[in-house]
Amino acid sequence: MAAPIEVYRNSVQAWEIDQMGHMNVQFYVDKSASALAVFSHHLGLGPDFTRREGARLVAREHHIRFLREQHPGAPLRIVSGVLATAPDRLRIYQEMT
């Protein structure tokens, strides 16, 4: 894999916090989807490609490991890279720190 590139930078918002005081799982996945959209564009698979080919990148599987809880105001960064390619799919790595 080539060096991953940064595709998302933001922070944990107050409305993303659950009753336990940390970011709810749905928002991890939402941020991952936003990062995937940016990464798609970087790969040349943006809106023009979608209109022309009728195809786009969508996550078929997520393998998520939570190593630490995220609290309000915590900075977030996502990097992405391509691990493997096939005619009809890509295997993509994303890391949120």
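I began at Ala-74. Leaving aside neighbours within four places in sequence, I find Ala-74 in contact with Asn-10, Ser-11 and Val-12. I take contact as heavy atoms within 4.5 Å.

Basis of the entries. I am working on a predicted model, where local features need pLDDT of at least 70, side-chain atom pairs count only at pLDDT 80 or more, and totals for chains, interfaces and linings use all residues. Residues are numbered from 1 along each chain as its sequence is written, and side-chain values use heavy atoms, with hydrogens and water left out.

Cores. I looked up where Ala-74 belongs. Ala-74 is part of the largest nonpolar core, which has 6 residues. A second, separate core has 5 residues, among them Val-7, Tyr-8, Phe-39 and Ile-78. My core criterion is a set of buried Ala, Val, Leu, Ile, Met, Phe, Trp, Tyr and Cys residues joined through side-chain atoms within 4.5 Å. Buried means under 20% relative accessible area, exposed over 50%, and partly exposed in between, with a 1.4 Å probe and protein chains only.

Chain. I count 2 helices and 3 strands. From the N terminus on, the order is β-α-α-β-β. Elements are DSSP runs numbered from the N terminus: helices are H or I with at least four residues, strands are E with at least two.

Sheet. The 3 strands form an open antiparallel sheet in the order S1-S2-S3. Strand S1 (5–11) and strand S3 (89–96) are at the edges with a single partner strand each, so one side of each has no neighbour in the sheet. Neighbouring strands are turned by 25° against each other on average, direction ignored. Axes here are lines fitted to C-alpha atoms, for helices over the stretch in contact, with angles from 0 to 180 degrees between N-to-C directions.

Pairing. I checked each strand pair. S1 is joined to S2 (residues 75–86) by 6 bridges. S2 and S3 pair over 8 bridges, also antiparallel. Two strands pair if DSSP finds at least two bridges between them. Ile-5 stands opposite Ser-80 in S2, and Ser-80 stands opposite Gln-94 in S3. Tyr-8 has Ile-78 as its bridge partner in S2; both also belong to the second core. A hairpin of 2 residues joins S2 to S3.

Glu-16. I next went to the loop between S1 and H1, where Glu-16 sits. Is Glu-16 buried or exposed? Glu-16 is buried, at a relative accessible area of 5%. Its side chain reaches the backbone nitrogen of Gln-13 at 2.8 Å. Not counting residues up to four places away in sequence, Glu-16 touches Ser-11, His-22, Met-23, Asn-24, Phe-27 and Lys-31.

Arg-60. I looked at the loop between helix H2 (47–53) and S2, which holds Arg-60. Arg-60 is exposed, with a relative accessible area of 65%. Arg-60 and Arg-91 are 31 residues apart in sequence and 9.9 Å apart in space, C-alpha to C-alpha.

Totals. Of the 97 residues, 26% count as buried. Among contacts with a separation of 6 or more, residues 24 or more positions apart account for 63%. The C-alpha atoms fill a box of roughly 45 × 25 × 20 Å along the principal axes.

Definitions and conventions:
Polar contact = N/O pair within 3.5 Å; in protein donor to acceptor, adjacent residues only side chain to side chain.
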